[in-house]
Amino acid sequence: MSMVQPRPPRAAAAAAALSKSPEAAVAHDNYPVRALVLQGGGALGSYQAGVYEGLAAGGIEPNWVAGISIGALNAAVIAGNAPEDRVSKLRDFWTHICRQPWLPSLFPYDLIADGAAHWPDPLRVWFDGLEASRALLEGQRGFFHPRAWPLPFASGHGANGASYYDTAPLKATLERFVDFDRINRHHEMRVSVGAVNVRTGNLTYFDNTEIRLRAEHFMASGALPPGFPAVEIDGEHYWDGGLVSNTPLSEVLSAKPRRDALIFQVDLWSARGPLPDNLMDVATRQKDVQYSSRTRAITDYMAEHQRFRQMLSDVMALVPPAKRDSQGYRDAADYACTARRNVIQMIYRDKPFEGNAKDFQFGPLTMREHWQSGLEDIRETLLHPEWLAMPTHEQPFVTHDVHRARHR
């Protein structure tokens, strides 16, 4: 079965443009840091896989991938495979976890799912609700399965068992699709994944330039309570990093040494949305606001800081060399920065029939639709190779968003 649906005309034009012009791939090579930043969002995460497929097709390879929750799992598959195998491994990973373990074997499920792609929205709402209910009742193959019913309400079964679902299958799945030896050769690609220390409440980043990453580090980043249990690492327990911040964008922007960076920020939740008028829509909108991480607010804040650092650097250049040997000057020099940052934002846009269960609706049909949306968005983004140009000294921090560009 094909992973993606037929391309709309604009997406096809984007793909053709990439095949004829190398400007985008050439422009991105000018940046010492080329980061792929992946937000958490559960079943929506195949959107990120589609974005990566489009980047790879355009000849753009990140040298740093940072993720939270499902973004961390995508990061593991990307960094844990050779460049030529990454798209196929992402496809295999998502196909594997988007199959419930029981019902598909009982009837021609694929035929029904393919037909559902053309159903009117009310029927799709029903079909997606069925898929989400199956995830709750059955779990997902190679990802999680429900615990025995009494256990969630019992005491004394420890932090590793205090959850509705057991994620033990996920470790075997990661070890099947990810080469952790490759991840830990960090000269090929830097990897950072965020998780929350349950004891301290602090957000921690596990980074392959500092420690040796294992499957548990990626599982910890996606251990969202109370559904999933805390993951123990070196005597500490960790939950999903999205509890504190659902995007690692700030981690990438604040890393030292500060260098010129091209950052593809791939979000799964939109901070902007319609005013809800019923309780189901309220629950959906609440999730959007809670997990969107206010990406644009962060980029606006970081842009202002970068302009200040740039201005400070310009002012410091006016200080005579003989007067630079002071603690105040050295402190200012540590804060000043001339690095230029270019953030390309892609934010998943909901389908009309999606609701509050969209982050745990792992059905194969919606997985393919999310993937296709990501592929189309990055193809359209790369129709603008000028967006990848190095920011100027006068404007050292820039952002671009294909969805905002459509409405200008």
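Q: Hi! Which residues does T299 touch, not counting residues up to four places away in sequence?
A: T299 touches L249, V343, Q345, F397 and T399, where contact means heavy atoms within 4.5 Å. This is a predicted model, so local features need pLDDT of at least 70 and side-chain atom pairs count only at pLDDT 80 or more, while totals for chains, interfaces and linings use all residues. Residues are numbered from 1 along each chain as its sequence is written, and side-chain values use heavy atoms, with hydrogens and water left out.

Q: Is T299 buried or exposed?
A: T299 counts as buried, at 1% relative accessibility. Buried means under 20% relative accessible area, exposed over 50%, and partly exposed in between (1.4 Å probe, protein chains only).

Q: Where is T299 placed, and how many residues apart in sequence are T299 and L249?
A: T299 is in helix α13, residues 295-316. Helices are DSSP runs (H or I, at least four residues), numbered from the N terminus. T299 and L249 are 50 residues apart in sequence and 8.6 Å apart in space, C-alpha to C-alpha.

Q: Switching to helices: how do α3 and α15 cross?
A: The axes of α3 (residues 46-57) and α15 (residues 364-381) come within 6 Å and cross at roughly 40 degrees. Axes are lines fitted to C-alpha atoms, for helices over the stretch in contact, with angles from 0 to 180 degrees between N-to-C directions. The two helices, α3 and α15, are therefore oblique to each other. On that scale, angles under 35 degrees count as roughly parallel, over 145 as roughly antiparallel, 65 to 115 as roughly perpendicular and the rest as oblique.

Q: Which residues of α3 and α15 make the contact?
A: From α3 they are S46, Y47, A49, G50, V51, E53, G54 and L55, and from α15 M367, H370, W371, S373, G374, L375, D377 and I378.

Q: And what about α3 with α5?
A: Their axes, α5 being residues 86-97, come within 10 Å and cross at roughly 165 degrees. That makes α3 roughly antiparallel to α5. S46, A49, Y52, E53 and A56 of α3 meet R86, V87, L90, R91 and W94 of α5.

Q: How many residues of α4 are buried?
A: Ten of the ten residues of α4 (residues 70-79) are buried, so α4 is largely enclosed by the rest of the structure.

Q: Last one: how many disulfides are there?
A: The count comes to zero disulfides, taking a disulfide as a pair of cysteine sulfur atoms within 2.5 Å. As for cysteines, C98 is buried with a relative accessible area of 1%, and C337 counts as buried at 5% relative accessibility.
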